[in-house]
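Reader: I would like to learn how to read a few features here. Please take them one at a time.

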Number of protein chains: 8
Amino acid sequence: DYAHIDHHRSLRKGFPEVIFGQGKTAEQIIGIMQAMAKNEEIILITRMDRQKADQVRAIFQEAEYDEAARILLLKTREPQIRSKGEILVITAGTSDIPVAKEAMITAKAMGNRVNSIFDVGVAGIHRLFAHGRQIQAASVLVVVAGMEGALPSVVAGMVRAPVIAVPTSVGYGTSFGGMTALLGMLNSCSSNVAVVNIDNGFGAGFMAATINQMPDKGE
Amino acid sequence: DYAHIDHHRSLRKGFPEVIFGQGKTAEQIIGIMQAMAKNEEIILITRMDRQKADQVRAIFQEAEYDEAARILLLKTREPQIRSKGEILVITAGTSDIPVAKEAMITAKAMGNRVNSIFDVGVAGIHRLFAHGRQIQAASVLVVVAGMEGALPSVVAGMVRAPVIAVPTSVGYGTSFGGMTALLGMLNSCSSNVAVVNIDNGFGAGFMAATINQMPDKGE
Amino acid sequence: DYAHIDHHRSLRKGFPEVIFGQGKTAEQIIGIMQAMAKNEEIILITRMDRQKADQVRAIFQEAEYDEAARILLLKTREPQIRSKGEILVITAGTSDIPVAKEAMITAKAMGNRVNSIFDVGVAGIHRLFAHGRQIQAASVLVVVAGMEGALPSVVAGMVRAPVIAVPTSVGYGTSFGGMTALLGMLNSCSSNVAVVNIDNGFGAGFMAATINQMPDKGE
Amino acid sequence: DYAHIDHHRSLRKGFPEVIFGQGKTAEQIIGIMQAMAKNEEIILITRMDRQKADQVRAIFQEAEYDEAARILLLKTREPQIRSKGEILVITAGTSDIPVAKEAMITAKAMGNRVNSIFDVGVAGIHRLFAHGRQIQAASVLVVVAGMEGALPSVVAGMVRAPVIAVPTSVGYGTSFGGMTALLGMLNSCSSNVAVVNIDNGFGAGFMAATINQMPDKGE
Amino acid sequence: DYAHIDHHRSLRKGFPEVIFGQGKTAEQIIGIMQAMAKNEEIILITRMDRQKADQVRAIFQEAEYDEAARILLLKTREPQIRSKGEILVITAGTSDIPVAKEAMITAKAMGNRVNSIFDVGVAGIHRLFAHGRQIQAASVLVVVAGMEGALPSVVAGMVRAPVIAVPTSVGYGTSFGGMTALLGMLNSCSSNVAVVNIDNGFGAGFMAATINQMPDKGE
Amino acid sequence: DYAHIDHHRSLRKGFPEVIFGQGKTAEQIIGIMQAMAKNEEIILITRMDRQKADQVRAIFQEAEYDEAARILLLKTREPQIRSKGEILVITAGTSDIPVAKEAMITAKAMGNRVNSIFDVGVAGIHRLFAHGRQIQAASVLVVVAGMEGALPSVVAGMVRAPVIAVPTSVGYGTSFGGMTALLGMLNSCSSNVAVVNIDNGFGAGFMAATINQMPDKGE
Amino acid sequence: DYAHIDHHRSLRKGFPEVIFGQGKTAEQIIGIMQAMAKNEEIILITRMDRQKADQVRAIFQEAEYDEAARILLLKTREPQIRSKGEILVITAGTSDIPVAKEAMITAKAMGNRVNSIFDVGVAGIHRLFAHGRQIQAASVLVVVAGMEGALPSVVAGMVRAPVIAVPTSVGYGTSFGGMTALLGMLNSCSSNVAVVNIDNGFGAGFMAATINQMPDKGE
Amino acid sequence: DYAHIDHHRSLRKGFPEVIFGQGKTAEQIIGIMQAMAKNEEIILITRMDRQKADQVRAIFQEAEYDEAARILLLKTREPQIRSKGEILVITAGTSDIPVAKEAMITAKAMGNRVNSIFDVGVAGIHRLFAHGRQIQAASVLVVVAGMEGALPSVVAGMVRAPVIAVPTSVGYGTSFGGMTALLGMLNSCSSNVAVVNIDNGFGAGFMAATINQMPDKGE
Ligand SMILES: Nc1ncnc2c1ncn2[C@@H]1O[C@H](COP(=O)(O)O)[C@@H](O)[C@H]1O
Ligand SMILES: Nc1ncnc2c1ncn2[C@@H]1O[C@H](COP(=O)(O)O)[C@@H](O)[C@H]1O
Ligand SMILES: Nc1ncnc2c1ncn2[C@@H]1O[C@H](COP(=O)(O)O)[C@@H](O)[C@H]1O
Ligand SMILES: Nc1ncnc2c1ncn2[C@@H]1O[C@H](COP(=O)(O)O)[C@@H](O)[C@H]1O
Ligand SMILES: [Mg+2]
Ligand SMILES: [Mg+2]
Ligand SMILES: [Mg+2]
Ligand SMILES: [Mg+2]
Ligand SMILES: [Mg+2]
Ligand SMILES: [Mg+2]
Ligand SMILES: [Mg+2]
Ligand SMILES: [Mg+2]
């Protein structure tokens, strides 16, 4: 009675409903997982803290937990790669890596090739340019940055591919928990950029996967 | 000396630099267009008011101006369609149409098939469902809404394709010039959604075109 | 001396003053309850954490405490149903249930029939429509949602009855502790909607009860 | 093609779709009115400035326009009173009257008895109490206030009936275009209060009418 | 070297510098007190938590600590009453009492007669009017309220004396830690009101004392 | 019917109700003045633009209008000085003078001696100190400043008298229409300061007059 | 009486007081200029619109006015160059040029060599790198940008010299009149950056000049 | 793989990359330090809490940790003084000292003479003036203040040298974690002021050092 699982979602969207772990009790999460496990090969729960994850894994022992990404993943078989293209996840700093990981695990679970370049922020921009070839080769880019959030503009200026920008709450004072990075990204002077919520690695990974797995449509 | 045109951009990104008309004098815009016209088949200027557009068209008489979209377009030949997929632009209300048009003109100029459904907001949601088939067939969706900005969530819940959400400044009081719609879209409980700046039809059209024209990558 | 109980309130408003538990010591709450218990058949205390509730129940052992709703209820007899109509409480997600419970306990304590539908958010909107008949039959609806807060607009578009919208602090990043949901609800494109404070299940339940128990006035 | 009129709305909600005039051209409004006039006895357009209203009345000469309320009303017969109860609209100041009028015209058009008391703000609160009897007799109250927005709390403390609070943009400096009044109303220490958007007289009138016209449900 | 005590302040302002306890170590506070104790009969430290207060009282055993008000007071003789007038401190709720106490202790330490009325908020406004005579007799009023902060407007409307309004952080959701109450007070429709910072009982008590102890100037 | 004049106010507060001109029509203002003129010797209307003032003075020819202060004053005899003390109004810049004038006219109309020092902001603080003696002699100070709003803190640090701080909307960019000055004043590290709304010269003058005219209470 | 000119400022700070033109009447400005002209060789007035400038130049015919920069300059002899170093002013876009000009005129008037590079924003970052040598040679840099304000971080990462960042109000929607650019600059991941107010070209030019003209201090 | 150290930075900017400790694990920090220690004589890590510092010092035993400043410093030889000029760090209160220390340690590590004056806020401004000579002698000033943040304006008005203003989060209520101080500083009516992020002592120290160590350029 506490959950109406959207069983139709795998059919409609190609991937089952993803559980938002925050604000749910371990009991509720276990109940939802038990109901879903009957029909789904993969179950993803986001925003899980370690304590709740441990309670859930007492029941679902094969579930994998990534503490930095706060993701719990239960799968009965490996996701099949469903696109030739590659998703590239880039971060401005070391401190942005947990959000990047949330995106990477999500996109991999959905059946994508995923790669990463970490800590190439704009204060030493030659570090970014050193990876120019790999950046230009990516099908979709996820660019993760806190503080002033300038990296997506620079990356998007270098490529023809779509860039999903993810602001993080890394910073202090007027970084306002990621609001500054978000606003910077929304005002990007590059045009092949769209933005997701602060620290929303999951959403960025999902959107990148959605784009990367579009059916062929070139002429 | 007032402009450094990015002549390399057509090559790098497949489309020439787009001029941001706001805050530039008609003289500056004409100068930039003259410099670009030597190399480019298409020149797009956004955020042009009628008065400036008229001054520019005194010089470039073949330029087309859309007053609602505030776009000026100069082209020496029709853009070639470069994708089998179709971009579908949907608005919540009649008042959101100008922003939708900015997206449509941009995406068409870049060589995309573009269609639209207007005024199907969530207060009478059966109007949206009546177009279910067309919505499910689109390659990329641009969903434009002001006020509470709820439409992209509902549309994204219906499809597997990526949705670019565009908040508009339609509303009053606590709509805060589009901020409420923007925040709603960033917090969408559907995951195949990414967001652009308030009233940024241009950016949405550009991003949708970028996605729609990705090289084939299915397996 | 720390409290001026509004003893006249039962008479004036049909229900005694409700104690706001936050920011009061257990001693103050006990003192207020002792003063009220002389005249009232029911005493409601909101925003009580477990620790304070335990201290109070050491004195008032018959008091019932709901930890999710953070409500303490002391009653000497069951509230009498005072309306034919039914209040229906709907939530967008599982994480919104505690706020819904605060509304439900309040409205029941005031003498109303109360029902609920949980976890029918707009990302899978068919789940909502499956309950169409029950929704259309309700006298008053309380719709509880966090994140983008879109559900009240959709529900209100389906019914003729008044909808009380309750934003919750469920979400992260730009959900701003419920502000995004609140703003969305205030800008609802449906007109039979009014809004209460973030996480204010109590106020929503009280307002719904007030409406549901209005004296007959049809012609 | 610029409008999808919700023709089903009269049936579903007892009143036809109301047109939001802001951001629409006079031509669009006339087109919508022509389509609606085939089926509806009453058409309401809100947020109309005088200039657009004049253009519309050149076509629909029998339409009535209230400039303060910015409402255009076209009706083929008088609305029938459909409730015994009375809606009472109260304002804190003289400057809040236009918003009050928007509520009153709306509620009357929907078939309600409506009365008003203007300029009884809390700085001279005896003025309010002088109307105590009329206030206590109302079925539903709409309380309109700018600046600190304190009046709804005081009125709601006096009555058992539901109060719809409407913040207005009257004030300056930190009144922030009505935000201060809105926040005050959302934090009312009276519990029979719910709130609508800033300057949203239309929504308040509609919600009050919805409540006032609920089918009988007392026991 | 960590503090430049303003030893000239007693002379200039009639009361020694008051120490802001927050953000200082116990060692720093003790050092400052030792330096001040040579010249001053009274030392006031605000915003002290219990732990720091205990460390300080290990050295200054005669110091009095009020945990609710978070004030530490060290005095070598009782403050002399220096005005015929009386300061009256009024609160809207029980939860506002700690801030009221900070004002009362401050004003008493400065040599004023101080009285109080607690929990007379506007939801049951007859409770306030029951104290009409005492309210009209006060020389200066300090009115303390959280949530919508409406009480100072009502009180100021009843009296000729100056009212110092103190917003408190009591509330939740859109009370925004007292911002809503502050804004309400700044927009008061009564004119004999001025405002201090959120939860600044100290400043309100100091300002009220300053006013109450002005040299005679009537004609 | 558009106004409930508070005729009891002169009696209760020693000064008649002051009319808030903004948002009222000239007709409404004239009507209110006609009703008040029967009982009052002085009528003050604030926030009047020149055009409305001219319409009113066509009827009330003896009314005086100050365009900078936007005040209209109608009096049948000169206000009597009712206090020995003097109110001193100080501004940080030349651009703050209109707000200062609103305070000065108000306080004079209420029967106070009023003086002023203009343009002594903190960037050249010796200009302020040159007036030290006059500043120390004032009974009540009104300090008016825009931009960073630092002047009230410095002035209040120099005197024992109460300081009413008035933020102005002078500035640009992050002065946020006076919000920065307001916040600075609310956080003053001097304690004999209380604050009124942005650009609220009227309120500051009224509050200063209220304080300056308190009945004698020294011992 | 409306102005206290800080005649001591040339002596103290090496440059006379600069007049803030906004909010002053032409008469006041002329009066201030007449008083200053007795002692100063150069008078600068900022934030002057054309109309006021014309009125002033009717009296001071030799004054030069730059309409884009909104600066009026009156000088009796050319400013002497007082530093070997060069100030370089860089803008992200063409629309940022007016703010850049305000900085350039100010710094030149104070006796500095000033150069500029316009329209080298981060979306086509090779345009910036093409000027690498000139950028590295500058003594002080002023970097002007609107929208996401990312340019100062990138420039500061390339040089050892201090960078003064100036956010502009260029942009729309969530650029919030320059707030987004400002926040980005305050959160720069380069550390040789400090920031001035939005659109404050004057302040940036003044600060850059102050730094460029520091007395020699190397060892 | 979690860090791309900018090894080129010492060369380019005269000082190696500074590690931002917040959001990194102790393991990551140790790894970065080990990589840097091969080439650098000094390594600075900011925003380190004690626990992480202890873990790091188990490996790098010669590293020095300042708990107030939250800085860890590892150096193989003393920094050489590289400028004749002196940096002076001034604070408004005792509570601002930790931020001042972060600036001081940074500037010293970069090879500057650094001095300080603490607790000379504007409420007792004679304390500041007592240090007039030392203040006028400084080459660069760093002025640190919370609450209303008025001190930098006053200091900058006294000197010809550049002032770096640092807002701190000291305060409560409407100090908004330092936002009020920041806004005040950005709106300074003194023009030789530029600002860094809230609590960013590191950035202020770095910028002051950058300015203090500019190569000679006087003529
Ligand atoms: N959770 C709540 N949210 C808002 N108002 C409440 C809540 N609980 C009680 N109240 C109201 O707060 C007032 C009591 O406040 P107090 O005197 O502080 O106990 C009553 O008017 C109640 O109706
Ligand atoms: N609770 C408080 N709120 C605001 N200001 C205070 C408070 N307590 C002390 N002060 C003021 O803060 C200043 C002392 O700050 P500090 O030098 O940091 O101790 C003095 O001018 C006091 O008047
Ligand atoms: N455009 C400007 N932005 C900020 N401050 C300015 C500006 N122009 C002048 N000022 C400063 O404002 C002060 C003069 O203000 P006022 O006395 O109102 O003319 C001087 O201290 C100037 O340094
Ligand atoms: N406390 C600080 N505040 C702002 N920036 C910093 C701070 N500490 C280090 N940085 C900068 O942050 C960057 C390093 O970030 P990261 O790669 O995450 O270590 C470098 O460019 C530093 O100059
Ligand atoms: Mg790094
Ligand atoms: Mg429509
Ligand atoms: Mg769910
Ligand atoms: Mg009135
Ligand atoms: Mg109470
Ligand atoms: Mg001046
Ligand atoms: Mg350009
Ligand atoms: Mg101190």
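Reader: Leaving aside neighbours within four places in sequence, which residues is Ser153(H) in contact with?

Author: Some ground rules come before the answer. This is a predicted model, where local features need pLDDT of at least 70 and side-chain atom pairs pLDDT 80 or more, while totals for chains, interfaces and linings use all residues. Residues are numbered from 1 along each chain as written, chains are lettered from A and ligands numbered from 1 in written order, and side-chain values use heavy atoms, without hydrogens or water. Contact means heavy atoms within 4.5 Å. Ser153(H) touches Val122(F), Ala123(F) and Glu148(F), plus Ser188(H), Cys189(H) and Ser190(H).

Reader: Is Ser153(H) buried or exposed?

Author: Buried means under 20% relative accessible area, exposed over 50%, partly exposed in between (1.4 Å probe, protein chains only). Ser153(H) is buried, at 1%.

Reader: How many disulfides does the structure hold?

Author: A disulfide is a covalent bond between the sulfur atoms of two cysteines. The criterion is a pair of cysteine sulfur atoms within 2.5 Å. Over all chains the count is zero. For Cys189(A), the nearest cysteine sulfur is that of Cys189(G), 15 Å away.

Reader: Which chains surround ligand 4?

Author: Chains A, G and H do, so the site is shared between chains. Polar contacts there are pairs of N or O atoms within 3.5 Å. A ligand nitrogen is 2.5 Å from a side-chain N or O atom of Tyr172(A). A ligand oxygen is 3.1 Å from one in Ser191(G).

Notes: Near = heavy atom within 4 Å. Polar contact = N/O pair within 3.5 Å; in protein donor to acceptor, adjacent residues only side chain to side chain.
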